[in-house]
Amino acid sequence: MDKIGVIEGFYGIPYSFDQRYDLIDFLSHIGMNAYIYAPKDDPYHNISWREPYPKEELEKLAGLSNFAKDKKVDFIWAIHPGQNLIDFNKYEEELPLLLGKYKSLYDKGIRSFALCMDDVDRDKAYEQRDYHLRLVEDILDFIKDFDNNELFFVHPWYNEAWIDQKARGYFDKFNDLGRLRIMWTGADVVVPISKDANEKFIDLAKAEPEIWFNWPVNDYKRDEIFMEVFEFYDSSNINYRSLFSNPMNQAELSKISIYQLGEFLKDPHGYDPEKVFKKALAYVDESVAGELFILADSFFGSGVYKRTENKKFVAEKDIKRAYELKDKFLMKEAIEKKLAAIDSYFDNYTNKNLHDEIRQFLLSLSYLLLAIRERLDGNDLKARSYYKKREDFKVKVYKEDSNDQIELRKVKVSESLEEIYKNLEGKTL
């Protein structure tokens, strides 16, 4: 693998610079070597790409890049002239603004760059494909003497599900650009890693893909978190050049997923998902790794998880099995085990950042478990009281289609437990 790391490419509240420093340090510790800076809601990356960074923000990026260099992590800055689309009718005016942005960052020590043209109207992109090619060629020419003269590129047809004749015509335009590295999410936008989908890319692009892996990202479920075992691939044969994990808004929690990806890529054929998952939990907080393992399957729910066939690790395995067997004793035993794990976590955790990210979710989970337990005992009034209590637990998010409107949103946990709670209404096992 050439590049392994993170792409901060999600919608929602961007990471703080402290979080970015910490993540880059983490990547260095676990043997990863790249960080793409592409937060959708940094206006100077996206909606206000024409405007130069304020001096203070530019200095922060320079410091982050220098830190990454010391840690042997390639810091790659991306621009996204897509949501506020570059006006190709005024190309001679627009191009200097874009190249000037790269130059301002290069002058501050940033040496690697990317261009994101994802999430734009594909029909319009096809009509403007020659302009897109001209833009890419002009950028490649501009950076030809840079220390790193390659350009990562996300174009509008970045997954197999969208491939049609227009996509083929678009891909053909870029096949002979040797310093261009095209990114690809796979069979669809949020999906497991697929050998066949990557072969499709190779057929289209005549090169191996740079995987933008939308896991464990949660910007499409901003009121949820994921704590999943990595088994989201259909082949241990690597047919991609690099892989970047798009993380959750919860930077510390995301380390569990990123750690597993790193271990998988070190030894795909010898990879043991459960063993590595336990190592990842211990890495983030060894004092409560056992508790986190017990609680994790209440937070299996990403789009990647749901689209993985033949999963070994499934949500609420013990509680669902007991429910299906109509074994009230076994079900209550599994519930008590989780409740005890939550109590023990709060008593013994040492990673404050992780605690602060997952606290509201664990508290909500505890009340959902209590509500189910009371329903099992026929105490519907008390069950409803516990269930309503879950409305108190909220997470701060950006509203969708907004890059600055913060709201508090009630957290969600475990669709499986929600379904069991509702199915038990007025019933007994």
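Where is the place of Asn-310? Asn-310 sits in the loop between helix H11 (303-306) and helix H12 (317-324), where helices are DSSP runs of H or I with at least four residues, strands are DSSP runs of E with at least two, and both are numbered from the N terminus. The model here is predicted, so local features need pLDDT of at least 70 and side-chain atom pairs count only at pLDDT 80 or more, while totals for chains, interfaces and linings use all residues. Residues are numbered from 1 along each chain as its sequence is written, and side-chain values use heavy atoms, with hydrogens and water left out.

Now for the whole chain. Its secondary structure comes to 16 helices and 10 strands. The radius of gyration (taken over C-alpha atoms) is 23 Å, close to the 22 Å that the globule rule gives for 429 residues, so the chain is as compact as a globular protein of that length. That rule is 2.2 Å times the number of residues to the power 0.38. Along its principal axes, the C-alpha trace spans about 70 × 45 × 40 Å. Buried residues (under 20% relative accessible area; exposed is over 50%, partly exposed in between, with a 1.4 Å probe and protein chains only) make up 56% of the 429 residues. Contact means heavy atoms within 4.5 Å. Among contacts between residues at least 6 apart in sequence, 76% join residues at least 24 apart.

What about the inside? A nonpolar core is a set of buried Ala, Val, Leu, Ile, Met, Phe, Trp, Tyr and Cys residues joined through side-chain atoms within 4.5 Å. The largest one holds 134 residues, and Phe-75, Trp-77, Tyr-102, Leu-115, Leu-151, Phe-213 and Ile-372 touch the most other members. Helix H14 (residues 352-376) gives the most to this core, with 12 residues. Another core, of 14 residues, lies apart from it, with Phe-152, Val-154, Met-183 and Phe-244 among them.

Ser-366 is buried, with a relative accessible area of 10%, and touches Leu-339 and Ile-342, not counting residues up to four places away in sequence. The C-alpha atoms of Ser-366 and Ala-340 are separated by 9.5 Å, though these residues are 26 apart along the chain. Ala-289, for its part, belongs to helix H10 (residues 289-295). Ala-289 is buried too, at a relative accessible area of 14%, and touches Leu-281 and Ala-282, with residues up to four places away in sequence not counted.

Most residues other than glycine have a negative phi, and most peptide bonds are trans. Asn-310, from the opening question, has a phi near 55°, a positive value in a residue other than glycine. At 76% relative accessibility, Asn-310 counts as exposed. Asp-119 also has a positive phi, near 55°, and is found in the loop between strand S4 (112-116) and helix H4 (122-127). Asp-119 is partly exposed, with a relative accessible area of 36%. As for peptide bonds, the one from Trp-215 to Pro-216 is cis, with omega near 5°. Pro-216 lies in the loop between strand S7 (210-213) and strand S8 (242-245).
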